[in-house]
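Here's a quick tour for anyone meeting this protein for the first time. Have a look at the chain, then read on.

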Amino acid sequence: MRRATDPEGFRAVVLHELAHIRNRDVEYASASTTLWRAFVVLALLPYLWHEGTLLVDSLTGRTTSPFWPGVASMLTRSVLAGLLLVGLVHLARADLLRRRELYADARAVGSGAPASAWAHRDRDSAVATSVRRVTALLRTHPSWAERRRALAEPGRLSGVGALAMLLVGASGTLLVNTAGDVVPRASTSEGGAWLTTAFLAPVLYVSLARSVTAAQVSGRKESGLRAGLWLGCGLVLGELANGKHGTVWLGPEPGFLLGLLLTAAVAAAWSAQCTHLALGLARTWLRRAAGLLNLLVTAVLLWGGLYWWYVVGWYQTMGVYSQVEEHRDMVRQASPGSWEAFSPELSAITQALPTLTTLNAGVLLLVAAPVLWIFPLVLRVSTSAASGLRRTLGAGVAGGLLCWVLMFAVNLFQRQRRPATWANAPGRTSSFTAGC
């Protein structure tokens, strides 16, 4: 019927379905459906039954154990974390299937299907626009408007999606924390940082490299900052859902979770900018070598932030990091003055010392630090004209001078507010005065 009344539309539908076969989307759909059903039947339902039964027992008073009042709140959080994991798994499956539809559309148009065949109108809905945007993430098929936008902008499919980065960050954290229950090596701080980095770094680099390349062709900009922030949000979400924070969601010091956001944002922005510079290299082998070094440094950046999180940040978020007190005592012993009037400075020092000590513990970050500046400069020199190089070096010199000025100002401020030494402390006299 449609072939006779709408031959162009019929041709587009056939080419779209053939594109699904060519792209092996049937296998993707079957695999995602199988994994989803296996997750629900073999993992989710037994987990919710076990945790829910314990929660009901604790709330109905079937046990007299003194641990149950605290365990009840922890079990409630575990059940909610399990439901959050359900949402993440469904979002990942829906995002995969939606993108496969868009790829099939692009291949069908590339094979000769008229773009006018996608000029359909979405159904009018009484639901608010903000609610429709949220529910659209749960659907396995994109709207007609989204299909037309993807066809109008060929580089759109190569861009880094916010939802994809959120899911990558959350899944990386959840997978590594789960692996720690099975693999002893993964349960250590260093092992957890390495495994998370091994999962995140290649995905982040490849996604940004594709997005930067497509952006250069289409004329849009890809800074990498947006992708990094969404990746960091995924890391934070994964930490909240992994069930290792006790009976609270954020901990008494949730501000330290921003360290994960900063780690992902810096790594993504640096990687994207260096990829953009590397595309200007003349030879293919130079671009490949630059890409490999880009991946390695991006991995080291992620590892440094994640290592800090597993060693220091997680404990500081929960307010149980004992070394803060040890560093406070160390500072007081090294400078035994009257610190009562300098409590903000002492708190800042003792909060920063564990982080700085952790980041200074490995040789990798010490090597990566100069590479962070030298590598982009070499790329810039290799791809820029003399005027561009002069502007870059001028900006670098100005930034260096500004850093020296700020360091001088901070040292001057600290010298003026330095606590009294032990010899000159109030109420005491020096040994020379006492001898006289």
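Predicted model: local features only at pLDDT ≥ 70, side-chain atom pairs only at ≥ 80, totals over all residues.

Residues are numbered from 1 along each chain as its sequence is written, and side-chain values use heavy atoms, with hydrogens and water left out. The chain has 16 helices and 0 strands. Helices (H or I, at least four residues) and strands (E, at least two) are DSSP runs, numbered from the N terminus.

**The chain as a whole**

- Out of 436 residues in the chain, 36% are buried; buried means under 20% relative accessible area, exposed over 50%, and partly exposed in between, with a 1.4 Å probe and protein chains only.
- Take the contacts (heavy atoms within 4.5 Å) between residues at least 6 apart in sequence: 80% of them join residues at least 24 apart.
- The chain's accessible surface is about 25600 Å², and carbon and sulfur atoms account for 66% of that. Such areas come from the Shrake-Rupley method with a 1.4 Å probe, and for residues only the protein chains shown count as cover.

**Nonpolar cores**

- A nonpolar core is a set of buried Ala, Val, Leu, Ile, Met, Phe, Trp, Tyr and Cys residues joined through side-chain atoms within 4.5 Å.
- The largest one has 43 residues, and Leu204 and Leu379 have the most contacts inside it.
- At least two residues of this core come from each of α7, α8, α9, α10 (258–278), α11 and α14 (363–383), and α11 gives the most, with 13 residues.
- Another core lies apart from that one; it has 9 residues, among them Leu166, Leu167, Ala170 and Ala241.
- Back to Leu204: leaving out residues up to four places away in sequence, it touches Met165, Leu231, Ala267, Ala268, Thr298 and Leu302.

**Empty space**

- Rolling a probe the size of a water molecule over the atoms shows where empty space is left.
- On a 1 Å grid over the protein atoms alone, a cavity is a set of points where a 1.4 Å probe fits but cannot get out, and a pocket is an open set with protein on both sides within 12 Å along at least five of seven lines; lining residues have an atom within 4 Å of a point.
- Grid points are joined across faces, edges and corners, and a volume is the space filled by probe spheres set on the points.
- The largest pocket holds about 1600 Å³ of space. It is lined by 47 residues, and those closest to its centre are Leu88, Ala92, Leu167, Ser171 and Leu175.
- α3, α4 (68–110), α7 (162–179) and α8 (189–218) each supply at least two residues of that pocket's lining, with the largest share, 13 residues, coming from α4.
- By class, the pocket lining has 27 nonpolar, 12 polar and 8 charged residues. Here Ala, Val, Leu, Ile, Met, Phe, Trp, Tyr, Cys and Pro count as nonpolar, Asp, Glu, Lys and Arg as charged, and the others, Gly among them, as polar.
- There is 1 cavity of 30 Å³ or more, and its lining is made up of Thr173, Leu235, Glu239, Leu260, Leu306, Trp309 and Tyr310. α11 gives the most to this lining, with 3 residues.

**Residues to look up**

- Leu237 sits in α9 and touches Leu84, Leu88 and Leu166, not counting residues up to four places away in sequence. The C-alpha atoms of Leu237 and Leu84 are 9.4 Å apart, although 153 residues separate them along the chain.
- Ser211 is in α8 and counts as buried because its relative accessibility is 0%.
- Gln316, in α11, is also buried, with a relative accessible area of 3%.
- Leu346 belongs to α13 (residues 343–359) and is buried at 4% relative accessibility. Setting aside residues up to four places away in sequence, Leu346 touches Arg328, Val331, Arg332 and Trp339.
- Arg24 lies in the loop between α2 (7–22) and α3 (25–59). Its phi is near 60°, a positive value in a residue other than glycine. Most residues other than glycine have a negative phi.
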